[in-house]
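Me: I would like to go through the labels attached to this structure one by one, asking each time what value stands behind the word. Please set each value against its cut-off before concluding.

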Amino acid sequence: TQNIKKAVEMGMKHMEHMDTMARALLEQEGKDPRPAGTTAEAAVDPKLFPPFIEYLVEQGVYINPTLYLSWAGGTERWRDWTSAAARLIKDPNLAFVPADVKATWTRAPGRPRPGYANVAAFLSQYSKAGGKVLAATDTGCCTQIVPGLSLHYEMQMLTDMGITPMKAIQGATLWGA
(Lines give C-alpha, C1' and ligand atoms only; values in the text may rest on other atoms or scores of the structure.)
Protein backbone atom coordinates (compact mmCIF):
# COMPACT_ATOMS: atom_id res chain seq x y z
CA THR A 1 0.00 0.00 0.00
CA GLN A 2 3.03 2.27 0.27
CA ASN A 3 3.04 3.03 -3.48
CA ILE A 4 -0.64 3.92 -3.41
CA LYS A 5 -0.14 6.07 -0.32
CA LYS A 6 2.73 7.90 -2.05
CA ALA A 7 0.58 8.46 -5.12
CA VAL A 8 -2.28 9.79 -2.97
CA GLU A 9 0.12 12.09 -1.10
CA MET A 10 1.23 13.44 -4.49
CA GLY A 11 -2.39 14.27 -5.34
CA MET A 12 -3.65 11.20 -7.16
CA LYS A 13 -7.30 10.61 -6.29
CA HIS A 14 -8.11 7.76 -8.66
CA MET A 15 -7.36 4.03 -8.54
CA GLU A 16 -7.99 2.19 -11.80
CA HIS A 17 -8.66 -1.53 -12.15
CA MET A 18 -8.88 -3.92 -9.22
CA ASP A 19 -5.43 -5.47 -9.58
CA THR A 20 -4.00 -2.18 -8.26
CA MET A 21 -5.77 -2.75 -4.93
CA ALA A 22 -4.86 -6.41 -4.77
CA ARG A 23 -1.19 -5.94 -5.65
CA ALA A 24 -0.83 -3.18 -3.07
CA LEU A 25 -2.25 -5.42 -0.34
CA LEU A 26 -0.14 -8.41 -1.40
CA GLU A 27 3.01 -6.25 -1.32
CA GLN A 28 2.02 -5.01 2.13
CA GLU A 29 2.02 -8.64 3.30
CA GLY A 30 5.36 -9.30 1.65
CA LYS A 31 3.79 -11.58 -0.95
CA ASP A 32 4.39 -11.68 -4.68
CA PRO A 33 2.06 -9.06 -6.25
CA ARG A 34 1.85 -11.23 -9.37
CA PRO A 35 1.11 -14.67 -7.94
CA ALA A 36 1.71 -17.60 -10.26
CA GLY A 37 -1.34 -19.59 -11.27
CA THR A 38 -3.99 -17.09 -10.20
CA THR A 39 -4.86 -13.41 -10.14
CA ALA A 40 -3.76 -10.89 -7.55
CA GLU A 41 -7.44 -10.31 -6.78
CA ALA A 42 -7.88 -13.99 -5.87
CA ALA A 43 -4.67 -14.14 -3.83
CA VAL A 44 -5.38 -11.18 -1.57
CA ASP A 45 -6.86 -11.79 1.89
CA PRO A 46 -10.16 -9.89 2.30
CA LYS A 47 -9.35 -9.37 5.98
CA LEU A 48 -6.91 -6.69 4.77
CA PHE A 49 -9.66 -4.63 3.13
CA PRO A 50 -11.01 -2.56 6.08
CA PRO A 51 -7.92 -0.46 6.95
CA PHE A 52 -7.08 0.08 3.27
CA ILE A 53 -10.69 1.06 2.51
CA GLU A 54 -10.71 3.45 5.48
CA TYR A 55 -7.54 5.15 4.24
CA LEU A 56 -8.77 5.48 0.64
CA VAL A 57 -12.17 6.84 1.71
CA GLU A 58 -10.54 9.37 4.07
CA GLN A 59 -8.37 10.56 1.18
CA GLY A 60 -11.31 10.86 -1.23
CA VAL A 61 -9.94 8.34 -3.72
CA TYR A 62 -12.27 7.25 -6.52
CA ILE A 63 -12.15 3.60 -7.57
CA ASN A 64 -12.59 2.71 -11.25
CA PRO A 65 -12.86 -1.09 -11.32
CA THR A 66 -13.54 -1.48 -15.07
CA LEU A 67 -15.78 -4.44 -14.27
CA TYR A 68 -17.32 -5.27 -17.61
CA LEU A 69 -14.01 -5.50 -19.44
CA SER A 70 -12.22 -7.59 -16.83
CA TRP A 71 -14.92 -9.37 -14.85
CA ALA A 72 -17.98 -10.01 -17.06
CA GLY A 73 -17.16 -13.72 -17.01
CA GLY A 74 -17.66 -13.73 -13.23
CA THR A 75 -21.38 -13.21 -13.62
CA GLU A 76 -24.00 -15.20 -15.48
CA ARG A 77 -25.44 -11.97 -16.83
CA TRP A 78 -23.01 -12.13 -19.76
CA ARG A 79 -25.39 -14.61 -21.40
CA ASP A 80 -28.16 -12.00 -21.48
CA TRP A 81 -25.71 -9.35 -22.64
CA THR A 82 -24.40 -11.37 -25.58
CA SER A 83 -27.97 -12.26 -26.51
CA ALA A 84 -28.91 -8.56 -26.50
CA ALA A 85 -25.84 -7.77 -28.59
CA ALA A 86 -26.83 -10.46 -31.11
CA ARG A 87 -30.11 -8.63 -31.61
CA LEU A 88 -28.38 -5.24 -31.69
CA ILE A 89 -25.90 -6.11 -34.44
CA LYS A 90 -28.81 -6.76 -36.80
CA ASP A 91 -29.83 -3.10 -36.61
CA PRO A 92 -29.25 -1.57 -40.08
CA ASN A 93 -28.39 1.76 -38.43
CA LEU A 94 -25.18 0.10 -37.21
CA ALA A 95 -23.99 -0.76 -40.71
CA PHE A 96 -21.03 1.58 -40.17
CA VAL A 97 -19.64 -0.71 -37.42
CA PRO A 98 -17.23 -3.24 -38.94
CA ALA A 99 -18.49 -6.84 -38.93
CA ASP A 100 -15.44 -8.09 -37.02
CA VAL A 101 -16.13 -5.56 -34.23
CA LYS A 102 -19.80 -6.57 -34.03
CA ALA A 103 -18.72 -10.21 -33.80
CA THR A 104 -16.75 -9.43 -30.63
CA TRP A 105 -19.89 -8.01 -29.04
CA THR A 106 -21.52 -11.45 -29.09
CA ARG A 107 -18.52 -13.50 -28.02
CA ALA A 108 -18.58 -15.21 -24.62
CA PRO A 109 -16.17 -13.56 -22.16
CA GLY A 110 -14.26 -16.78 -21.55
CA ARG A 111 -13.67 -18.54 -18.28
CA PRO A 112 -14.32 -16.51 -15.15
CA ARG A 113 -11.14 -15.02 -13.71
CA PRO A 114 -10.40 -16.07 -10.15
CA GLY A 115 -10.98 -13.29 -7.65
CA TYR A 116 -14.43 -12.04 -8.62
CA ALA A 117 -15.77 -12.64 -5.09
CA ASN A 118 -12.94 -10.55 -3.60
CA VAL A 119 -13.55 -7.76 -6.11
CA ALA A 120 -17.25 -7.75 -5.26
CA ALA A 121 -16.55 -7.74 -1.52
CA PHE A 122 -14.03 -4.92 -1.78
CA LEU A 123 -16.27 -2.70 -3.89
CA SER A 124 -19.33 -3.32 -1.75
CA GLN A 125 -17.41 -2.52 1.44
CA TYR A 126 -15.81 0.52 -0.18
CA SER A 127 -19.15 1.94 -1.25
CA LYS A 128 -20.78 1.26 2.13
CA ALA A 129 -17.87 3.06 3.82
CA GLY A 130 -18.58 6.16 1.75
CA GLY A 131 -16.13 5.54 -1.08
CA LYS A 132 -16.99 6.52 -4.60
CA VAL A 133 -16.93 3.79 -7.24
CA LEU A 134 -16.91 4.88 -10.86
CA ALA A 135 -18.65 3.08 -13.69
CA ALA A 136 -16.37 3.05 -16.72
CA THR A 137 -15.73 0.45 -19.39
CA ASP A 138 -12.53 1.48 -21.21
CA THR A 139 -14.53 2.03 -24.40
CA GLY A 140 -12.12 2.44 -27.26
CA CYS A 141 -9.45 0.10 -25.92
CA CYS A 142 -11.14 -3.13 -26.88
CA THR A 143 -13.65 -4.09 -29.52
CA GLN A 144 -15.81 -6.20 -27.18
CA ILE A 145 -16.97 -3.04 -25.40
CA VAL A 146 -20.29 -1.94 -26.92
CA PRO A 147 -20.21 1.88 -26.70
CA GLY A 148 -22.94 3.10 -24.36
CA LEU A 149 -24.52 -0.26 -23.73
CA SER A 150 -21.54 -1.69 -21.85
CA LEU A 151 -21.76 1.19 -19.39
CA HIS A 152 -25.24 -0.06 -18.45
CA TYR A 153 -23.79 -3.54 -17.96
CA GLU A 154 -21.11 -2.03 -15.75
CA MET A 155 -23.74 -0.33 -13.60
CA GLN A 156 -25.68 -3.61 -13.35
CA MET A 157 -22.55 -5.37 -12.14
CA LEU A 158 -22.07 -2.69 -9.48
CA THR A 159 -25.61 -3.10 -8.19
CA ASP A 160 -25.25 -6.88 -8.25
CA MET A 161 -22.28 -6.40 -5.92
CA GLY A 162 -24.40 -4.51 -3.41
CA ILE A 163 -23.79 -0.93 -4.51
CA THR A 164 -27.03 1.04 -4.51
CA PRO A 165 -28.57 1.93 -7.88
CA MET A 166 -28.21 5.65 -7.10
CA LYS A 167 -24.50 5.28 -6.39
CA ALA A 168 -24.07 3.28 -9.62
CA ILE A 169 -25.77 6.11 -11.53
CA GLN A 170 -23.60 8.69 -9.77
CA GLY A 171 -20.52 6.61 -10.60
CA ALA A 172 -21.46 6.69 -14.28
CA THR A 173 -22.34 10.38 -14.39
CA LEU A 174 -21.64 12.83 -11.56
CA TRP A 175 -18.46 11.36 -10.11
CA GLY A 176 -16.99 10.42 -13.48
CA ALA A 177 -17.44 13.98 -14.69
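Me: What makes E76 count as exposed or buried?

Reply: The model is a predicted one, and in it E76 has a relative accessible area of 53%. Exposed means over 50%, so E76, at 53%, is called exposed.

Me: How do you know that E76 and R79 meet in a salt bridge?

Reply: The N to O distance between the side chains of E76 and R79 is 2.7 Å. The cut-off asks for a nitrogen of Lys or Arg within 4 Å of a carboxyl oxygen of Asp or Glu, and therefore the pair of E76 and R79, at 2.7 Å, is a salt bridge. R79 has a relative accessible area of 47%, and because exposed means over 50% and buried under 20%, R79 is partly exposed.

Me: What links R77 with D160, and which parts of the chain does the pair tie together?

Reply: R77 forms a salt bridge with D160, the closest N and O atoms being 2.5 Å apart, a value that lies within the 4 Å cut-off. R77 lies in the loop between α5 (67–71) and α6 (78–88), whereas D160 lies in helix α9 (residues 149–160), so the pair ties together parts that are 83 residues apart in sequence. R77 has a relative accessibility of 31% and D160 one of 38%; because partly exposed covers the range between buried, under 20%, and exposed, over 50%, R77 counts as partly exposed, and D160 counts as partly exposed too.

Me: Why is the pair of R113 and E41 called a salt bridge?

Reply: The side chains of R113 and E41 meet at 3.7 Å, N to O, and because the cut-off is within 4 Å, the pair is called a salt bridge.

Me: What makes E41 buried, and which residues is E41 in contact with beyond its neighbours in sequence?

Reply: The relative accessible area of E41 is 3%, and because buried means under 20%, E41 is buried. Leaving aside neighbours within four places in sequence, E41 is in contact with M18, D19, A22, W71, R113, G115, N118 and V119.

Me: Why does T39 count as buried?

Reply: T39 has a relative accessibility of 12%, and because the cut-off for buried is under 20%, T39 counts as buried. T39 is placed in the loop between α2 and α3 and, with neighbours within four places in sequence left aside, is in contact with R113, P114 and G115.

Me: How do you know whether M10 is exposed or buried?

Reply: M10 has a relative accessible area of 75%, which is over 50%, and so M10 is exposed. Its place is in the loop between α1 and β1 (14–16), and from M10 to W81 the distance in space is 40 Å, C-alpha to C-alpha, with 71 residues separating the two in sequence.

Me: What makes up the lining of the largest pocket?

Reply: The largest pocket holds about 280 Å³ of space and is lined by 20 residues, of which Y68, L69, A72, P109 and Q144 lie nearest its centre. By class, the lining divides into 11 nonpolar, six polar and three charged residues. The elements α5, α6 and α7 each supply at least two residues of this lining, and the largest share, four residues, comes from α5.

Me: How many residues are in the largest nonpolar core, and which have the most contacts inside it?

Reply: The largest nonpolar core has 41 residues, and those with the most contacts inside it are M21, L56, F122 and L123. Two or more residues are given to this core by each of α1 (2–9), α2 (18–28), α4 (49–58), α5, α6, α8 and α9. A second, separate core has six residues, including A85, L94, V97 and W105. In α2, the buried residues include M18, M21 and A22.

Notes. Residues numbered from 1 in each chain as written. Predicted model: local features only at pLDDT ≥ 70, side-chain atom pairs only at ≥ 80, totals over all residues. Heavy atoms only, no water. Buried < 20%, exposed > 50% of the residue type's maximum accessible area, 1.4 Å probe, protein only. 1 Å grid on protein atoms, 1.4 Å probe; cavity = no way out; pocket = protein on both sides within 12 Å on 5 of 7 lines; lining within 4 Å. Points joined across faces, edges and corners; volume = space filled by probe spheres on them. Nonpolar A, V, L, I, M, F, W, Y, C, P; charged D, E, K, R; others polar. Core = buried A, V, L, I, M, F, W, Y, C linked by side-chain atoms within 4.5 Å. Contact = heavy atoms within 4.5 Å.
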